[in-house]
Amino acid sequence: MHMKKIVIRINGKHVNYEHTNSTKLISLQQWQLCLKKGIIHTAKVEQGYYNKQRKFSLNFFFAIFFGTLSSNFCLAQSITSDRKNSQVDEKSICATLEPDEEWEIEFAEKIKQYKENLLNRKTAVTYTVPVIVHILHSGVPVGTGENISAKQVASQMLVLNNDFAGNLTGTPAVFNSVNAGNIGIEFCLALKDQKGNLLPEPGIDRIDWYSKGWDDPGSINNISSLQPYFNNVVKPATIWDPVKYINIWVVDLNGLNLTGFAFFPAGVSNNFGASASTIETVNNSGIVMNYKAFGTIEAATFPYYDLGHITSHEMGHFLGLRHMWGDSNCGTDYCNDTPPAKQANNGCNSHPYNIGVCSGNTTGEMFMNHMDYSYDKCKSLFTKEQAIRMQTVMATGTYRKFLGTHGLCTSNSVGIQTSCCENSSNTFHVYPIPASEFIEFNVNNISNASYSILNGLGQQVLVGKIADSKKIDISSLRQGIYFICITYEGSYNLAKFLVE
Ligand SMILES: [Zn+2]
């Protein structure tokens, strides 16, 4: 017998179940017609999903009394309550695939270089990077179900920035010395779209999957279907240039009862880690989040993960962080300041927890780290080594290193110079690292070429012509990250440098 999936929309929500009749995608209008005809007497469902055992579950309450079938799209079915899913399965939290050893070896080399530069730094670098949130919905009104409101998006941004600013309390004192505090990465809702137009809702791109004829993401109930759906259907059609924006897709993942997943960063060279399917490409770079685990208000109702910290967890992966337990028994996350952990933690443990269970663990496990699976309310820190990994990715990652340089976090159009970032065909290196009085670089035959220097917001702060010495006086610049664009013979060359 052929079992087929049926999607029914009730008050904007989706109910998925299998039926042996012919498959039909039923629109809200059709559903209402069924109701009107009296074929369905009452339908009242808040939200539901299949779990891995193929049992249909309802999160809150249910009451369905269907009448007799008399149309091929009006179905009669009774659904019983199943609350087993209220137990959180650790495998449901995050579906990010961790990269292989080969990737780590190359990344370790970048970290080493970063640390050597860091020794000379007096202050941490702060990035301000634009985020675009693609909200995938079924045509329901804004603020309904998965078509979450701008307020809910804003609530997530607040948490993300708080987590990356190190504003959380609750870290046991034994970990104070390794607590990173401020990571130096801030997130803003992009104010402009890819054409430079101001967005009606900052940082938000609403996409009706139903009108595009795509499958219902909420109906994905097999983990092996997850990546193909996003990599082959959703992302290539909706991604914004990952060099300029961090893409976050907010969708219904309730078929898998999953909170989210991300891709690890591609490296500085194009083939860096390219053999691994775990590494992003220009067509899939970004984070996918369940709308119920995104933000802290309204539809953010994922059990135990409704305080927005899973987005920080996925952002951690996006910036090169691994799980605390290294995805194996007492495995490594390649950070020396996170104690080894036996496995993913769930719930909220009491510190100290599992001292000595893994060899070398003398403090207990750091279950309150964002890269564990503890409940949202128990999360409190990233460590210094984790911060270094993230800063290294921001400095070297193919789709990270120019984030925040395109003026997308400011509506001020005066002085913003983005043509270099958009058109640069070459990159080069600037010395010394860090710089304070002047910079030099390794490009030949560019005497008398023009240059412009941009700050971290993409605003032009210095312009001039390059002298024969190829030295540029930058003594007027304050501490921070800058970009220099050199234009000559119609080509654009872009490089980043640090002023201490
Ligand atoms: Zn994860």
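User: What does E298 count as, judged by its C-beta neighbours inside 10 Å?
Analyst: A residue is buried if 20 or more other C-beta atoms lie within 10 Å of its own, exposed if 12 or fewer, and partly exposed in between; the C-beta atoms are placed from the backbone. E298 has 14 such neighbours, so E298 counts as partly exposed.

User: What kind of model is this?
Analyst: Residue numbers start from 1 along each chain, following its sequence as written. Local features need pLDDT of at least 70, side-chain atom pairs count only at pLDDT 80 or more, and totals for chains, interfaces and linings use all residues, in what is a predicted model.

User: How many helices and strands does the protein chain have?
Analyst: Both are DSSP runs, numbered from the N terminus: helices are H or I with at least four residues, strands are E with at least two. By that rule, the protein chain has 7 helices and 20 strands.

User: What share of the residues of the protein chain count as buried?
Analyst: The protein chain has 500 residues. The share that counts as buried is 42%.

User: What share of the contacts with a separation of 6 or more join residues 24 or more positions apart?
Analyst: Two residues are in contact if their C-beta atoms, placed from the backbone, lie within 7 Å. Among contacts in the protein chain with a separation of 6 or more, residues 24 or more positions apart account for 68%.

User: What is the phi of E298?
Analyst: Most residues other than glycine have a negative phi. E298 lies in the loop between strand 12 and helix 5. E298 is not a glycine, yet its phi is positive, at about 55 degrees.

User: Where does Y334 lie?
Analyst: Y334 is another residue other than glycine with a positive phi, near 60 degrees. Y334 is partly exposed because 17 other C-beta atoms lie within 10 Å. Its place is the loop between helix 5 and helix 6.

User: What is omega for the cis peptide bond that joins H351 and P352?
Analyst: Most peptide bonds are trans. P352 lies in the loop between helix 5 and helix 6. The bond joining H351 and P352 is cis, with omega about -5 degrees.

User: What is omega for the cis peptide bond from I433 to P434?
Analyst: P434 is in the loop between strand 14 (430-431) and strand 15 (438-441). The bond from I433 to P434 is cis, and its omega is near -10 degrees.

## Helices and a buried tyrosine

User: On which residue is the kink in helix 4 centred?
Analyst: The bend at a residue is the angle between axes fitted to the seven residues ending there and the seven starting there. Helix 4 has a kink of about 40 degrees, centred on F230.

User: Which residues in helix 4 are buried?
Analyst: Cover for the buried residues of helix 4 includes strand 7 (127-137), strand 10 (246-251) and strand 12 (287-290). The buried residues in helix 4 are F230, V234 and K235.

User: How are helix 3 and helix 5 oriented to each other?
Analyst: Axes are lines fitted to C-alpha atoms, for helices over the stretch in contact, and angles run from 0 to 180 degrees between N-to-C directions. The axes of helix 3 (residues 150-164) and helix 5 come within 9 Å and cross at roughly 55 degrees. Angles under 35 degrees count as roughly parallel, over 145 as roughly antiparallel, 65 to 115 as roughly perpendicular and the rest as oblique. Helix 3 and helix 5 are therefore oblique.

User: Which residues of helix 5 do Q156, V159, L160 and D163 in helix 3 meet?
Analyst: These four residues belong to helix 3. Their partners in helix 5 are H309, T311, S312 and M315.

User: With which residues is Y482 in contact, leaving aside neighbours within four places in sequence?
Analyst: Y482 lies in strand 19 (residues 480-488). Y482 is buried, because 22 other C-beta atoms lie within 10 Å. Its C-alpha atom is 7.5 Å from that of V499, 17 residues apart along the chain. Y482 is in contact with I453, L454, N455, L477, F497 and V499.
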